[in-house]
Amino acid sequence: MVAEASNKTISVTLRVWRQAGPNQPGRFVDYTAKDLNTNMSFLELLDVINDDITRGGGEPIAFAHDCREGICGTCSLVIDGKPHGPHRGVASCQTYVRSFEDGAVITVEPFRARPFPVVKDLVTDRAAFDKIQQSGGYISVRTGAAPDANAIAVPKEDAELAMDAAACIGCGACVAACKNASAMLFVAAKVSHLGLVPQGQPERDKRVLAMVNTADALGFGSCTNQYECSAACPKLISHDFIARLNRDYIGATFRTAFTPASANTGGGA
Amino acid sequence: MAKLDSKIPSGPLADKWRKHKTEIKLVNPANKRKYEIIVVGAGLAGASAAATLAELGYKVKSFVFHDSPRRAHSIAAQGGINAAKNYQNDGDSVYRLFYDTIKGGDYRAREANVHRLAEVSVNIIDQCVAQGVPFAREYGGLLANRSFGGAQVSRTFYARGQTGQQLLLGAYSALSRMVGQGAVELFTNEEMTDLVVVNGQAKGIITRNLVTGELRRWAADAVILATGGYGNVFNLSTYARGSNVTAIWRAYKRGACFGNPCYTQIHPTCIPVTGDYQSKLTLMSESLRNDGRIWVPKRKEDCRKDPASIAEEDRDYYLERMYPSFGNLAPRDIASRAAKRVCDEGRGIGETGLGVYLDFSDAINRLGEPAVRERYGNLFDIYHEITNENAYKTPMRIYPAVHYTMGGLWVDYNLMSNVPGLFVLGEANFSDHGANRLGASALMQGLADGYFVVPYTIGDYLAGQKPGSRPSPDAPEFKEAEANVRAMTQRLLSAKGTQPVSHFHKRLGQIMWNYCGMARTKEGLQKALQELPKLREEFWASVKVPGSADTLNQALENAGRVADFIELGELMCLDALTREESCGGHFREEYQYPDGECKRDDEKFGHVAAWEFQGVGQPPLRNVEPLNYEFVKMSVRNYK
Ligand SMILES: Cc1cc2nc3c(=O)[nH]c(=O)nc-3n(C[C@H](O)[C@H](O)[C@H](O)COP(=O)(O)OP(=O)(O)OC[C@H]3O[C@@H](n4cnc5c(N)ncnc54)[C@H](O)[C@@H]3O)c2cc1C
Ligand code: FES
């Protein structure tokens with residue numbers, strides 16, 4: 001039975017988005033690959049096609065990848081119109097050839113969203129996510145200044161929920177899946193992770209305001225509760241975190257409107 | 001010959017680090033901003049170092065080849081991080097963690113470094129918790145621990161199966177905070193392609209921007225490399241595809257010594273190769289060996305049959321047979337080599353014959369499927385996703401794979417290489433794991449180096465450099481280095497070959513795996529040392545690198561990395577050939593005890609080999625740093 005499953009081979013045609021550079025026009029180009037072992041991963045299929053292209057004197061398809069096990073968030077393909085392909089809860093690199101029929105024609109595109117401009121072919125620039133983090137996605141603690149790790153108990157349920165949010169791999173599929181190119185699931189994951197643990201409380205308001213406002217300024221759209229984001233998320237991060245984010249944001253806006261003047265002087269001890 | 005001074009402080013083991021910290025030179029706070037430090041790499045080691053140095057007031061430039069610092073390979077670590085907190089009250093201590101690590105490393109690491117690592121391990125956990133790292137907790141809200149190989153206490157902290165991810169995101173958040181404040185300048189998609197040495201000191205780097213292709217020169221007062229391990233020299237490994245040796249290899253070619261390059265770790269439980277298109281091997285947690293039984297058919301003829309059709313008496317539970325006391329829980333290296341042995345006999349299973357069964361049917365009969373699901377459900381799911389097989393119904397197929405490199409650039413106690421001003425952290429250095437690394441100790445070392453060691457020790461070097469004395473990036477040394485990189489790029493692009501880079505990487509991987517992998521012999525290594533120079537020449541003659549230098553060109557990136565790997569392969573084989581003993585991950589078939597355990601030769605090889613470059617194709621010099629064990633007695637590793 002093992003041998004039977006793996007001896008199966010298929011042939012497919014990839015209809016791939018080719019674009020030489022950021023401001024260049026792009027177009028789809030077809031590549032056919034034959035006799036593929038169905039245990040091959042989708043990225044390995046691109047490797048095989050690229051080697052063929054190279055031997056034939058062409059320029060291989062640029063695509064982003066690194067860990068190839070669903071954790072680094074680098075891979076970012078839209079396969080047949082779906083960010084990360086046909087299956088729920090996996091990244092592009094965890095998609096396998098066995099998910100496709102023999103003879104299938106499969107379209108492969110980059111993530112499409114205004115804040116993620118195409119660099120080349122299937123590679124996009126997602127530096128905007130780093131900028132959102134830099135605006136407040138942290139707890140300010142200098143190295144060496146930390147108290148003993150067990151000095152604060154964190155209820156197990158809170159730690160678990162924080163971990164659910166923290167599982168985000170920062171790939172940007174949520175943005176690519178959203179018709180508004182909203183980054184709310186990404187921001188909500190970070191805000192919730194840090195907002196659920198006691199260490200994150202002192203900067204909670206500041207953090208949520210800074211991250212949401214930065215996302216807006218970077219051109220990400222607003223959330224209109226379609227939840228395509230969590231459906232496309234390779235870590236299945238729940239859109240419940242967006243509701244939590246909204247509560248935090250409204251509360252923070254309200255509270256900072258009434259902040260005592262002294263808190264804004266920045267002097268402090 | 002390079003001068004290797006380990007700079008190990010004198011005095012009792014437990015006082016060395018404290019004493020050293022009070023004795024080394026400091027940079028006055030007002031002067032710190034006058035010094036620029038380049039940090040290459042932002043994995044656990046690089047991100048923690050860059051953030052901490054910026055907090056101290058230094059001007060820091062951080063470079064990564066990734067499109068974001070959060071994508072460093074540290075993200076993929078699963079199991080956990082060790083620390084001598086003794087929260088379980090099970091008798092753990094700094095000394096015990098030190099001792100386990102020394103013993104685990106088969107007495108080939110420096111005592112003083114390892115003791116310091118154990119000391120600062122406790123601060124790491126404090127730091128990470130303060131950053132909000134969501135470690136697993138007990139019902140009372142305090143931190144939970146699990147146990148890991150090579151230890152009798154429970155000292156491993158973890159965040160589900162994503163410990164590396166969570167620790168890296170913590171360090172990344174600290175780094176992001178400093179970037180947001182303008183204290184760190186971050187350069188992503190920027191690959192270091194050369195080290196610039198001025199008057200014998202590391203004073204800058206050359207980078208290639210991977211998006212625009214632009215080459216740039218950067219001057220600094222000191223350079224830190226935290227660029228990870230080089231296991232991809234084997235082509236197939238558990239590493240991310242982009243992990244490479246380029247940064248430290250080019251530094252080696254500029255005079256930094258390479259310590260113990262042949263020490264590599266091979267993990268016994270990975271998903272086997274299915275075909276020659278394969279790009280990646282996925283690790284399955286070692287914990288599976290607690291309940292799974294490992295076997296292959298007794299007869300070659302049975303290897304292609306459905307495992308369910310093979311009768312109990314026709315199965316060879318070889319670990320249980322060969323190592324009755326340890327059975328399926330034999331140490332990593334022994335389990336790996338045993339799997340290789342049965343496959344070499346032609347009894348391997350699966351499509352390629354390079355695999356063994358890890359069978360849970362006994363455990364399912366004994367405990368019931370729900371209990372097995374609860375313990376290992378997520379691993380069974382990963383296995384299913386990759387192989388499309390249901391491991392509750394049919395045994396898993398596993399095979400060993402390259403997982404970690406203990407070797408790396410030689411550094412002294414201050415983590416400075418023999419090139420003054422060049423510091424090396426994390427997996428890129430050779431320092432703390434000797435000939436074998438224990439599970440959950442790499443994350444610990446990366447963060448120790450970056451948060452708690454280099455921020456002190458770099459001051460000792462910088463205090464001796466006049467503020468404002470760093471050279472201009474227009475100095476001739478910078479121009480020469482840039483020209484060197486440009487020439488290599490041109491040479492790659494103009495090679496008139498027909499074969500893609502992957503062709504050479506695969507062949508390199510095969511040579512390395514066959515002759516410098518789990519079991520090494522004199523003949524095999526000599527053979528590899530004949531084949532590798534030929535492969536190198538063939539590469540330059542017949543590689544095909546399409547595209548141009550001035551855009552995103554992944555083929556060009558790979559070509560440069562594979563060119564370095566081929567050269568590194570030669571050095572690893574030479575190191576393995578010269579080290580006529582077995583220790584930890586370095587197993588020479590000629591040197592073993594009857595039970596298959598490593599036979600060390602402390603008299604002849606109780607030292608670090610630090611290789612010094614003499615030119616491509618020229619034999620490098622072998623420098624030696626003796627390992628003086630003052631506090632622990634070197635003895636035969638025994639886990640029975
Ligand atoms: C699958 C897997 C599981 C593991 N699990 C564990 C575990 O449970 N516990 C444990 O302790 N260890 C584990 N390890 C080992 C551990 O993850 C690594 O040793 C460690 O994370 C390495 O960290 P680092 O900071 O040294 O390097 P990395 O995280 O590899 O970072 C390297 C950095 O250098 C940059 N870089 C590299 N070259 C260049 C260049 N030329 N120019 C510019 N930038 C460059 C990269 O962009 C990156 O930022 C595991 C390893 C693997 C493969
Ligand atoms: S390549 Fe890392 S998540 Fe897909």
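Predicted model: local features only at pLDDT ≥ 70, side-chain atom pairs only at ≥ 80, totals over all residues.

Residues are numbered from 1 along each chain as its sequence is written, chains are lettered from A and ligands numbered from 1 in the order in which they are written, and side-chain values use heavy atoms, with hydrogens and water left out.

**Confidence**

The predictor gives the complex an ipTM of 0.95 and a pTM of 0.96. Its confidence in each residue is the pLDDT, from 0 to 100. Chain B averages 95, and 99% of its residues score at least 70. For chain A the average pLDDT is 93, with 93% of the residues at 70 or above.

**Around ligand 1**

Ligand 1 is surrounded by 36 residues (a heavy atom within 4 Å). The closest are B:H66, B:S74, B:G79, B:M192 and B:E427. By class, this shell holds 18 nonpolar, 14 polar and 4 charged residues; Ala, Val, Leu, Ile, Met, Phe, Trp, Tyr, Cys and Pro count as nonpolar, Asp, Glu, Lys and Arg as charged, and the others, Gly among them, as polar.

The table lists polar contacts of the ligand, meaning pairs of N or O atoms within 3.5 Å.

| Residue | Protein part | Ligand 1 atom | Distance |
|---|---|---|---|
| B:F65 | backbone | nitrogen | 3.2 Å |
| B:S74 | side chain | oxygen | 2.5 Å |
| B:A226 | backbone | oxygen | 3.4 Å |

Taken alone, ligand 1 exposes 1000 Å², and the protein buries 97% of that (Shrake-Rupley method, 1.4 Å probe). Which elements give two or more residues to the shell? They are α3 (44-56), β6 (190-198), β15 (396-405) and α12 (442-462) of chain B, where helices are DSSP runs of H or I with at least four residues and strands are runs of E with at least two, numbered from the N terminus. The largest share, 3 residues, comes from β6(B).

**A serine in α3**

Is B:S48 buried or exposed? B:S48 is buried, because its relative accessible area is 0% and buried means under 20%. A polar atom of the B:S48 side chain lies 2.6 Å from the backbone oxygen of B:L44. Beyond its neighbours within four places in sequence, B:S48 is in contact with B:G43, B:A171, B:G446, B:L447, B:G450 and B:Y451.

Terms used
Polar contact = N/O pair within 3.5 Å; in protein donor to acceptor, adjacent residues only side chain to side chain. Buried < 20%, exposed > 50% of the residue type's maximum accessible area, 1.4 Å probe, protein only. Contact = heavy atoms within 4.5 Å. pLDDT = per-residue confidence, 0-100.
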